[in-house]
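Please have the structure open while I talk.

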Amino acid sequence: RRALTGTAVLLILAILWASPLLILITTAVRTPADFASSGPISLPRSLTFTNFRSAWAVGQFGTAFRNSGLVTLVKVPLGILLAALLSYALAKLRIHFRATLTFIMIMGLTVPIFIAAVPVFTMLREIGLIDNIWGLVPPYLAFGLPFEVLILTAFFRRIPHELIEAARIDGASELTIFFRIVLPLSLPVLITVAILDAVATWNELIMALILLTSPGHRTVPLSLLNFQGQFTTNFTALAAGILIALLPILIGYALLQRWIVSGLLAGAV
C-alpha cells in the first residue's frame with residue numbers, strides 16, 4: 001500500500017512537471033481561432049502543422065540556429081578548458097591564497113548578469129564587438145566559469161594525490177599530468193559540465209538582447225521575440241517556435257541523460 005501511494009504521488013508530480021510542455025505542444029498544433037475560442041488548457045479540435053512552417057519563416061530559425069550553434073561550439077570547449085585548468089590549480093597545486101581565490105571565484109555565482117550589462121557593453125563597444133556574435137563569447141565565458149569551476153574543483157579533489165605525485169617523480173610536467181592523467185579520469189564530469197554549459201549558452205537571452213541588434217546576428221532566444229508585436233502576440237506560432245528552439249536541447253538530454261547524472265554525482269561525496 002505504501003509503495004502504491006508513493007507511485008501515485010510521483011505520477012501526479014510527473015504530470016504537473018510535464019504539464020507546461022503538454023500545453024505547449026497542444027497550442028502548437030491548433031489553429032489561432034481554436035486557441036482564441038477554447039484557451040490553452042483544452043484539447044485541440046483539429047490538428048494542424050502549419051504553425052511550424054510559419055514559425056520557421058517568421059523566427060528566421062535558419063540564421064538563428066547557425067549563430068547559436070557557432071557561439072556554442074566555440075564557447076563551450078574554450079570555457080571547459082579554462083575552467084579545468086583553473087580547477088586543477090585550485091585543487092592540486094600548492095599556490096598562495098588558494099582558499100581566497102576559490103572563494104572569490106565561487107562568489108561569481110552571486111553576481112547577476114544585469115549588474116554587469118553596462119560595463120560589458122562599454123568594453124565590447126570599445127573593441128568593436130557590438131552587434132557581432134563573437135562579442136557574446138567573452139561575457140559568456142566570464143559568467144560560465146564560476147559554476148564550471150565549482151563542479152570541476154570538487155571532482156579534481158577526489159583524484160588521488162599519490163597518482164599525481166607518482167607522475168611528478170617520473171618526470172612528468174604539470175601540463176602532461178593535466179592532459180594525460182587528470183582529463184582522461186575526469187571525462188564523465190567534463191561531459192556533464194559541457195552539456196549544462198551548452199544548454200545555458202543556447203538559452204541565454206539578456207546579454208544577446210543587449211549586444212545584438214541586426215536580424216542577421218540574432219540567436220535562437222532572440223528569434224522568439226519576432227512573434228510578439230506591439231499589440232498582439234501569435235501564441236500558436238510562438239508555441240511552435242519554442243518547440244523548434246527546444247528540440248536540440250530535448251534531444252541532447254534524452255541521449256546524454258546518464259552522463260549528466262553520473263557527472264554531477266561524481267563530485268558530490
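This is a predicted model: local features need pLDDT of at least 70, side-chain atom pairs count only at pLDDT 80 or more; totals for chains, interfaces and linings use all residues.

Residues are numbered from 1 along each chain as its sequence is written, and side-chain values use heavy atoms, with hydrogens and water left out.

With those classes, the lining of the largest pocket has 14 nonpolar, three polar and four charged residues. By pocket I mean, on a 1 Å grid over the protein atoms alone, an open set of points with protein on both sides within 12 Å along at least five of seven lines, whereas a cavity is a set of points where a 1.4 Å probe fits but cannot get out; lining residues have an atom within 4 Å of a point. The largest pocket holds about 460 Å³ of space, and of its 21 lining residues the closest to its centre are Pro 139, Tyr 140, Ala 142, Phe 143 and Gly 144. Which helix gives the largest share of that lining? It is α7, with eight residues, the helices here being DSSP runs of H or I, at least four residues long and numbered from the N terminus.

Helix α7 bends by about 40 degrees at Leu 145, with Pro 146 following within four residues; the bend is the angle between axes fitted to the seven residues ending there and the seven starting there. Of the 20 residues in α7, 14 are buried, that is, under 20% relative accessible area with a 1.4 Å probe, protein chains only.

Turning to the packing, the largest nonpolar core has 23 residues, and Tyr 88, Leu 152, Phe 156 and Val 182 have the most contacts inside it. Such a core is a set of buried Ala, Val, Leu, Ile, Met, Phe, Trp, Tyr and Cys residues joined through side-chain atoms within 4.5 Å. Its largest share, seven residues, comes from α4.

Finally, the search of the whole structure finds one cavity of 30 Å³ or more, and its lining includes Gly 59, Thr 63, Pro 215 and Arg 218.

Conventions
Buried means under 20% relative accessible area, exposed over 50%, partly exposed in between (1.4 Å probe, protein chains only). Helices (H or I, at least four residues) and strands (E, at least two) are DSSP runs, numbered from the N terminus. Grid points are joined across faces, edges and corners, and a volume is the space filled by probe spheres set on the points. Ala, Val, Leu, Ile, Met, Phe, Trp, Tyr, Cys and Pro count as nonpolar, Asp, Glu, Lys and Arg as charged, and the others, Gly among them, as polar.
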